[in-house]
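Hello,

Here is the structure for you to look over. My notes come after it.

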Amino acid sequence: EFHGSSAATRGSRGAAVLRAGAMKFTQKRQTFDIVDGVTFAIKSRAVKVTGPRGSLELSFKHMPIDIFFEEGSDERKVVVEKWFTGGKATASIRTCVSHMENAMTGVTKGFEYKMRFVYSHFPINVSITNGAKRVEIRNFLGEKVIRVVDALKDTTVKRSEDVKDEIVLSGNDIDAVSRTCALIQNICAVKNKDIRKFLDGIYVSAKSTVIKD
């Protein structure tokens, strides 16, 4: 039996524990349909997505979730499930689904990012070598150093056919394409100058798919 303030304190503490416990959901899940022409292979949170443009492998072994085909869906519907979750931890379900949906888009339509050269005085000279897998940047801010970026995974780089001072990056893996763009943009960072005035660089100007709707 509790007496005085200590009893009230312990009582309120017990209520707080109860309230916190009530916020926990026993199970949360999200399902999505596999688009036509795409197949999934799921084993131990490793997912292989295969489509007309190729295949991508995704690993979710670092995430405390379950991934499986819904019963009776003939392996055309995927379930992402998480037990004893609540609050921000539940967001990992949607993250996992987004990665798989991006993979489906990649193996059916592909991803295409366009980058434009921005310069005020010294023209940026870009050459694409190594079978469309390497970007060499010269004369950035008049510097003699050659900046080199290798495209990641299956990403390829080409010059735009109709627009001056533009390159087009394409591939099936959105992570590889966007990270290659980031490497190109970051290697052209202006150092020791006011970046509000010196806007030179290579920047992403458009994002779309290789096969247009």
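Below are the source of the model, then the strands, the loops and a surface patch.

This is a predicted model, in which local features need pLDDT of at least 70, side-chain atom pairs count only at pLDDT 80 or more, and totals for chains, interfaces and linings use all residues. Residues are numbered from 1 along each chain as its sequence is written, and side-chain values use heavy atoms, with hydrogens and water left out.

Start with strand β12, residues 166–171. Strands (E, at least two residues) and helices (H or I, at least four) are DSSP runs, numbered from the N terminus. 6 of the 6 residues of β12 are buried, so the strand is largely enclosed by the rest of the structure. Buried means under 20% relative accessible area, exposed over 50%, and partly exposed in between (1.4 Å probe, protein chains only). E166, V168 and S170 point one way from β12. I167, L169 and G171 point the other way.

β12 pairs with β7 in the antiparallel sense over 6 bridges. Two strands pair if DSSP finds at least two bridges between them. Within this pairing, E112 has S170 as its bridge partner in β12. Strand β11 (residues 156–159) also runs antiparallel to β12, joined by 4 bridges. There, R159 stands opposite I167. The hairpin of β11 and β12 has 6 residues between the strands, and D165 takes a positive phi near 55°.

Next, an open sheet of 3 strands, in the order β2-β3-β4 with antiparallel pairing. Its edge strands are β2 (39–43) and β4 (54–59), each pairing on one side only. The twist averages 15° from one strand to the next. 5 bridges join β2 to β3 (residues 46–51), and T39 has T50 as its bridge partner in β3.

Now two loops. D74 lies between β5 (66–69) and β6 (77–85). Its phi is near 55°, positive in a residue other than glycine. D74 is exposed, at 68% relative accessible area. N192 sits in the loop between α3 (174–187) and β13 (201–209). It is not a glycine, yet its phi is positive, about 60°. N192 is exposed too, at 82%.

Last, V118. This residue is found in strand β7 (residues 111–118). V118 counts as partly exposed because its relative accessibility is 34%. V118, L199 and Y203 form a nonpolar patch on the surface, with about 240 Å² of accessible area together. Accessible areas come from the Shrake-Rupley method with a 1.4 Å probe; for residues, only the protein chains shown count as cover. Patches are made of residues with over 30% relative accessible area and no salt bridge, with like charges joined within 9 Å and nonpolar side chains (Val, Leu, Ile, Met, Phe, Trp, Tyr) within 5 Å. A salt bridge is a side-chain nitrogen of Lys or Arg within 4 Å of a carboxyl oxygen of Asp or Glu.

Best wishes

How values were computed. Axes fitted to C-alpha atoms, helices over the stretch in contact; angles between N-to-C directions.
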